[in-house]
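Work through these exercises with the model open beside you. Try each task before reading its solution.

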Amino acid sequence: MQKHQDFAEYVEITPSAGIDATRHGWRAKCLQRLIRLEMPVPKTVALSCDTVRAIAAGQMPDTERLAALFGEAPLLAVRSSPANPEWGGPGTVLNVGLNAARHAAMRESHGAATADAIYLTFVQSYAIHVARLDPDMFAAEASPTALAAALAAYEAEMDEEFPQSPARQLAEVLRSMARAWEGTTARLLRQAKGAPSDAALGLIVEEMVQMVGPGLAGFGTMQMVDSVTGVPQATGRFRGQRPADRKAEETLYLVRDKRGASLEETAPGIFADLQRHCIAAREKLREEMQVEFAVENGALKIIDAVKVQRSPRAAVRIAVSLARDGIIGRDEALLRVEPRALSELLHYQVDPRGTRDAFARGIAASPGAAAGRIVFSAVDAQASAAHGEACILVRRETAPEDIRGMHAAVAVLTERGGITSHAAVIARGLGLPCIVGASDIRLNPRDKTLTAADGRLFGEGDVITVDGTSGEVLAGSAPMLEPALDEYFTTLLHWADNVRDIGVRANADTPDDARTARMFEAEGIGLCRTEHMFFDEDRLTVMREMIFADTDKDRQVALDRLLPMQRADFIALFDIMAGLPVCIRLFDPPLHEFLPQDREGMRELAEALDKPLSDVTRRAEALSEFNPMLGMRGVRLGVTVPEIYEMQARAIFEATVEASRRGAEVVPEVMIPLVSARREVELVKNRIDAIAAAVKNEQGADFDYRLGVMVETPRAALRAGEIAQHAAFLSFGTNDLTQMTYGLSRDDAGRFMSAYVNQGVFSEDPFHVLDVDGVGELILIGCERGRENRADLTLSVCGEHGGNPASIAFCRKAGLDYVSCSPFRVPVARLAAAHLALTDPK
């Protein structure tokens, strides 16, 4: 005999009932609040989480007594009520208690077709979700014979008639939902959404509203904001029957609409009540709510209210509006917006309301979306842009010589690469949508074709859409949403600035980057990579002349031609930043990156330099290295070819004098890259100090500057104490520091990183989220030893990790003064820093 629980574990939801969100779940507590607001909520009983656990273990409640609370022949709805609505739960089961007797009465009152359709839907739902029978056997649409066939199929499979006792039906529904929650798949799904392993489920049993005549009847939802934009607007649908036509079920618009009938016109009193209830829910529940309602013979019933689903742009507007209206505080408004979600507001996005024809997927490396014609080379991208045609640059992987093509393209797609590959880093800096590591496509650069995994062939000139937010490549031109850099976005970030306690700068290499950084209110430039300035067409030739110079004199001639170009770059940056700090990294990459990679390029270079092809080829081979990223680059160039750094230092200081004369108070920060020894810093510092003294003397002007080191090698972090003796600041370049700590190329890691993460070798991609245990320990050592020798040492991170919220948390705890990231990640960093200040005060 079934043992029943003592039913102190269920409670009818009334204004004074002891309903608790932890014990009974969010839905039970929400319904109680609606009842307290005097909304017409049907009679509802809440089953506690402990009760549901007991049901899953086989200890059933007395469902006869439970059903009797709702009167004779009840019809009930059973809904899940977890502690957090984000965790999901078993689907709602409607019309529990419907049996042959009730069906017969319904045929008399509402007609055979309506009664049969309602009973058929319940039988199918019960068979599939409660009895767990084959869904294909219960998929028939309503017809004169469908109900009888479904009942017969149930009897054949279960060796018994369809249950007729409401109490029996209720017991089986409760048991099924309780056990579904405890299932392995459900557990994994909710844990992926942040639920703890022991997350509990409550259930509610609610009196069903009969959404049939003779007056207006039906069901619907209503909310007072648009889910995509957040604009105030009554929106929703109502599905039901109007008194004029009892047989025809139709969908009504909520508000007056020229396209068809509306609830506002058909039942203005009900519409007004709904608006009033939505407004009350917003004010008292402190949230924009979607109200689920039903109409029974002209009477309104409120079934449920849930948080309005919203896009990131809607989330920002809703949070700010609630704070402005005094419903929530500013701090709470900040915490209601996920920092990463801000990325979607900064760029065009694919409209979620449109259709998507995806043919490839890769790593979403830079957010935003753009549509354009396919091109397969940087030259073709520039040509396309010159004709005013939007283009998508498609490459196996990008190299430094592709930068001009990336500037010309509206988006980038690569077959290879990871989250910190060349394409990903440059695209984020430029604000270009980018997908990397799309390994399921096959490129044929010779034929200029792209083949998708499903066999579709795309050629040069075909239009595709790159959705860098989702990582999907779409055929054709998808409908777009414009960026949402409106007053709500700006207001939220100003509130964030008022509470955050770590600085946020931008990585900016060009005047356009600097203007973007100012637009997003970065507090300065934390990393200006000067080598990117040399890839413009007019400079690249001069740069190559310098590389191929046969004598020191010839090299100096080329550098003298580059000097005014660099000076103009820095003047533009200083003018744009208007006195904000600008940290300029001296030349870093190996010289071979400025040389052509193919024979045709070598031939063109030989013609430009008026040298034999054999001489050009021989010099290029001499510059090649087995591992160039660990070879002649960074400070090693500054020590062995000091003229390059001397030219750059002169350009910086002459630009400082010129910008200062225009009114800006400029104190440039000069950063030496790839340092691993104190003596390297001493040698470079002596030369830079000498150049500064010469410029002051020549210009008859005085200025200050700060010299610092980019910590990218493990040895530099370990020897930070002695390095800091000659440096005003240390900036941790976490991209290279991660590569060198792991002995792992960021450009190649994408080939196996997902396997490593899936098998638990790494918890996260260390190029995406800072490795606090390994790389982080080096940073902590560097900070501690650096400040031991120089208390006023400025510390920062300037790698791509600077824009990652989880990495910012580590930087803040480590005592860093600021983080620097791509301009389009600055808003994310500002909000993430505010979250940390509010949730984990120092």
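Two strands pair if DSSP finds at least two bridges between them. Helices (H or I, at least four residues) and strands (E, at least two) are DSSP runs, numbered from the N terminus. The model is predicted: local features need pLDDT of at least 70, side-chain atom pairs count only at pLDDT 80 or more, and totals for chains, interfaces and linings use all residues. Residues are numbered from 1 along each chain as its sequence is written, and side-chain values use heavy atoms, with hydrogens and water left out.

**Exercise 1. Is strand β25 buried or exposed, and which strands does it pair with?**

Step 1. Apply the cut-offs. Buried means under 20% relative accessible area, exposed over 50%, partly exposed in between (1.4 Å probe, protein chains only).

Step 2. Check β25 (residues 525–529). 5 of its 5 residues are buried, so the rest of the structure largely encloses this strand.

Step 3. Take one partner. β24 (residues 503–507) runs parallel to β25, joined by 2 bridges. N507 stands opposite L527 there.

Step 4. Take the other strand, β26 (residues 582–585). It is parallel to β25 too, with 3 bridges. C528 has I584 in β26 as its bridge partner.

**Exercise 2. Describe the surroundings of N735.**

Step 1. Locate N735. It sits in helix α28 (residues 734–742).

Step 2. Classify it. N735 is buried, because its relative accessible area is 10%.

Step 3. List the contacts, skipping neighbours within four places in sequence. N735 meets T420, R746, F767, G799, E800 and H801.

**Exercise 3. Classify E155 and list its contacts.**

Step 1. E155 belongs to helix α7 (residues 146–158).

Step 2. Its relative accessibility is 40%, so E155 counts as partly exposed.

Step 3. Residues up to four places away in sequence are not counted. E155 then touches E160 and E161.

**Exercise 4. Where do R132 and R286 lie, given their positive phi?**

Step 1. Take R132. Its phi is positive, about 60°, although R132 is not a glycine. R132 lies in the loop between α6 (112–130) and α7.

Step 2. Take R286. Its phi is also about 60°, and R286 is not a glycine. R286 lies in the loop between α11 (268–285) and β9 (289–296).

Step 3. R286 is at 32%, so it counts as partly exposed.

Terms used: Contact means heavy atoms within 4.5 Å.
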